[in-house]
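Here is a short briefing on aromatic contacts and salt bridges. Please read it alongside the model.

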Amino acid sequence: MPEGDTIWRAARDLNAVLAGKELTRCDIRVPKFATTDFTGSAVQDVVSRGKHLLIRGGDPVDGWILHSHLKMEGLWHVYARGEKWRRPAFKARCILETDTHQVVGFDLGFLRVLARKDEDDAVGYLGPDLLGPDWDADEALRRISAQPDRPIGLALLDQRNLAGIGNIYRCELCFLAGIHPLTPVSDVPDLPRLVDLSKRLLEVNKARSRRITTGAMGRDQLWVYNRERRGCLRCGTKVAHELLGDNEMEMRDLYYCPHCQPFP
């Protein structure tokens, strides 16, 4: 499931082969942008912004941006030129090629082309990026605390508060802090510690291919997420599985241990 660490790795890998390179092919397979062609233009850099990935090219001021979000099933692959793709071609939404590599975006949740000047309009609403150079713990705390009655399980997932936490981290962070996800923000015992833990958890996982919150490299790498059939890894209690969201369109799976995370 793509979360901030997944996008950070994707941006790192794409930047390694695209930054400073001139595009020899640009094939955008989204109807609205199908005629857009940046062939001959150089990529400046590739960066992550929370769960968003930005490929910046052309002039630093008047250039362009390919803005993508993976949603649930999207991913970016890097191939050497001529290497066989690991996904079917009909799933490709964007193909960028240089003299040495090919970058392919498959099943992207959305992909759009922006003018460089419009970057802030696209992602400026996001809170401090947990894995970005703009990380500001005090600002994240201020934003979360602005809605004291909101359940912490919703506040953590809100990208306007802090950018990069997805559903897995939301559940695991609440477990590690020993708090029920429906606990109001104002009742969280040590909110600064929770924000700091969020930062540390994503940092330690950003270079890993598999997400680990337990410290174990084996089979049991998560404490409660998706463990409703196996029980809490700490105490063995049956893990509760519910749905939580601000509205019916935003409902997400919620996992917690009723014993380790009692309702306040």
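Ring pairs join Tyr-79, Trp-85 and Phe-106 into a cluster. The model is predicted. It holds five aromatic pairs and 23 salt bridges.

**Aromatic pairs**
- Tyr-79 and Trp-85 are stacked, because their planes meet at 25 degrees, under the 30-degree cut-off. Their ring centres are 6.4 Å apart.
- Tyr-79 is buried, at 0% relative accessibility.
- Phe-175 and Trp-223 also form a stacked pair, with 5.3 Å between centres and 25 degrees between planes.
- This pair links distant parts of the chain, 48 residues apart. Phe-175 sits in helix H5, and Trp-223 in the loop between helix H6 and strand E9.
- Phe-175 and Trp-223 are both buried.

**Charge over a ring**
- Arg-234 lies over the face of Trp-223, 5.3 Å from the ring centre.

**Salt bridges**
- Arg-56 and Asp-45 form a salt bridge at 3.2 Å, N to O. Arg-56 is in strand E3 and Asp-45 in strand E2, so the bridge ties together parts eleven residues apart in sequence. Both residues are buried.
- Arg-150 bridges to Asp-246, with the closest N and O atoms 2.6 Å apart. The two lie in separate loops, so parts 96 residues apart in sequence are tied together. Arg-150 is buried at 10% relative accessibility, whereas Asp-246 is partly exposed at 46%.
- Asp-220 pairs with Arg-230, with 3.6 Å between the closest N and O atoms. Both lie in the loop between H6 and E9, ten residues apart. Asp-220 is partly exposed at 25%, and Arg-230 is partly exposed at 40%.
- Shared partners join Arg-25, Asp-27, Arg-29, Arg-81 and Glu-97 into one salt-bridge network.

How values were computed: Residues numbered from 1 in each chain as written. Predicted model: local features only at pLDDT ≥ 70, side-chain atom pairs only at ≥ 80, totals over all residues. Heavy atoms only, no water. Phe/Tyr/Trp six-rings, centres within 6.5 Å; stacked < 30°, edge-to-face > 60°. Buried < 20%, exposed > 50% of the residue type's maximum accessible area, 1.4 Å probe, protein only. Helix = DSSP H or I, 4+ residues; strand = E, 2+ residues; numbered from the N terminus. Lys NZ or Arg CZ within 6 Å of the ring centre and 35° of its normal. Salt bridge = Lys/Arg side-chain N within 4 Å of Asp/Glu carboxyl O.
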